[in-house]
Amino acid sequence: MANLAILGGDKLIKEEYLTLFPAWPPRDEETAEVLKKTYMEGNWSFNSPAEQEFEKAFAEYHGAKYGIFMANGTTTLECALTALGVTKGDEVIVPALTWMATALAASYVGATPVIVDIEPTTLCMDPEKMRAAITPKTKAIIPVHVYGSTADMEKILEIADAHGIPVIEDCAHMHGGFWNGRGVGSWGKVGSFSFQQSKTMSSGEGGICITNDPELAEKIYLLKHIGYSRGIKQGQAIRAPEGLLCHNYRATAFQAVILSQQLKGLNKLIDTYSKNAAFLRESIKDIPGVRMQAPGRLSEPQGYYSFHLIFDGEPFKDIPKSIINAACDAEGFGIGNGTHGPVYKASLFNLDLSKGEYRIPDGRCAVCEDLFDRTLGSAHYVLTHRATVEKLSAVLHKIYDNIDELKQYAASKA
Ligand SMILES: Cc1ncc(COP(=O)(O)O)c(C=O)c1O
């Protein structure tokens, strides 16, 4: 008689999976009331008081003076690059593991994304590979604080500063994260965040740039606000700055109101995620062959957009991740497919390497490619309750305790 549920044994987790964590995005009556008030007031766009309030509070939370609220976390990257003067013929270094927006933002301003490999522990950009990818054409570097780790800002800034190259932090996954006591996004010249539906703070869509540089703040504001500078009233006669191609990348007051409400609980949320992720990491330490994505070296608290388990050692390393996940699922706790994989292999990424539309200095990003086959991951909100994390740990222990059954199952499917 088999023990593992995938082979007919008893299922370990009896509760319905979706009842183990809160629904996402979060909703509450208080926010619904504030939204109604904003709706009735009619001040829905164009630098509304709600937007200004949110920009200020979010920037301050992360240790920056200025916030520029926008339509999404792709426009933020694009405007940050333009504001820094990145243009046609330039190169922008990005990590292999990211959502494709990080690389495409470079293409949108006419530059070439240069894709470098990641660290096997944090899954963030490898600073040494980044150093090796720098050329005289490099005009910006965009490290990504990916999933549940913060890129090594000290090493990255040390190298970038030595070459005089500005750094834009892509913090789409890292709301509320701190590095060595200072908020993410305030280390580089600009920090860029996304508030798309799945993110740790979400208003359906939305994004923000934060910065401590008043000139960059003003330029980014002009870029997203079709050339209007701050304080200009709608209809007032003005002329956009010569040579600066501006956009309408504005977001609405409704988004700002939702986010201001969420910001009040961000500290507690990240603290809970951080503690529960640390607990999971510790509780599976006795299982060989599986490890969690390491948090950033100096991250405290570490933000979490998701958490990732890497099955790259004995006895798991030759069992396909789809089978490991199917076994977890059968026990009542499916983990999820995991990482995006290397950006240049993403199904929607259609830049052409042979035409020089992007560049991979090492030919391939081997660490990122190989780990993609070994990684499973779940969304941040699964980290909400300690009891849920304990259940996942119990599932992983059960699978390890019966690993021979799973190996035989995998062999029968090969
Ligand atoms: C790392 C990263 N950067 C940028 C973005 C782009 O954000 P948005 O979807 O708001 O445009 C995302 C979105 O998923 C992301 O994950």
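Visitor: Where is P25 found in this model?

Guide: P25 sits in the segment before α1, the helix of residues 29-41. Keep in mind that the model is predicted. The peptide bond leading from W24 into P25 is cis, and its omega is near 0°.

Visitor: Which residues does the other cis peptide bond join, and what is omega there?

Guide: That one links E300 and P301, with omega about -5°. P301 belongs to the loop between β10 (291-292) and β11 (306-310).

Visitor: What about phi? What value does N47 have?

Guide: Phi of N47 is near 60°, which is positive even though the residue is not a glycine. You'll find N47 in the loop between α1 and α2, the latter covering 49-61.

Visitor: Is N47 buried or exposed?

Guide: For this you count C-beta atoms around the residue: 20 or more others within 10 Å makes it buried. N47 has 20 such neighbours, so it counts as buried. N180 lies in the loop between β6 (178-179) and β7 (182-183). With 13 other C-beta atoms within 10 Å, N180 is partly exposed.

Visitor: Let's turn to sheets. What is the strand order in the open sheet of 4 strands?

Guide: Read across, the order is β1-β9-β8-β5, and the pairing is mixed. The strands at the edges are β1 (66-70) and β5 (168-170); each has a single partner strand, so one side of each lacks a neighbour in the sheet. From one strand to the next, the twist averages 20°.

Visitor: How many bridges join β1 to β9, and how do they run?

Guide: There are 5 bridges between β1 and β9, and the two run antiparallel. For a landmark, look at G67, which stands opposite I210 in β9.

Visitor: Which way do the side chains point in a strand?

Guide: In a regular strand they alternate between the two faces of the sheet. On β1, Y66, I68 and M70 point one way, while G67 and F69 point the other way. Every one of the 5 residues of β1 is buried, so the strand is largely enclosed by the rest of the structure.

Visitor: Which helix lies across β1?

Guide: That's α7, residues 214-224, lying across β1, β8 and β9 (207-211) and running at about 15° to β1. Look at D213 in the loop between β9 and α7. D213 has 17 C-beta neighbours inside 10 Å, so it counts as partly exposed. D213 and A64 are 149 residues apart in sequence, yet their C-alpha atoms are 8.9 Å apart in space.

Visitor: How many residues surround the ligand?

Guide: There are 14 of them, the closest being G73, T74, W99, A172 and S194. Sorted by class, this shell has 4 nonpolar, 9 polar and 1 charged residues.

Visitor: And the whole chain: what does its secondary structure come to?

Guide: The protein chain has 12 helices and 12 strands. Its C-alpha trace spans about 80 × 55 × 35 Å along the principal axes. A compact globule of 414 residues would have a radius of gyration near 22 Å, and the chain's 22 Å agrees. Buried residues make up 48% of the chain. Of the contacts between residues at least 6 apart in sequence, 73% join residues at least 24 apart.

Technical notes:
Residues numbered from 1 in each chain as written. Predicted model: local features only at pLDDT ≥ 70, side-chain atom pairs only at ≥ 80, totals over all residues. Pairing = 2+ DSSP bridges. Axes fitted to C-alpha atoms, helices over the stretch in contact; angles between N-to-C directions. Contact = placed C-beta atoms within 7 Å. Near = placed C-beta within 6 Å. Nonpolar A, V, L, I, M, F, W, Y, C, P; charged D, E, K, R; others polar. Rg over C-alpha atoms; globule rule 2.2 N^0.38 Å. Buried ≥ 20, exposed ≤ 12 C-beta atoms within 10 Å, placed from the backbone.
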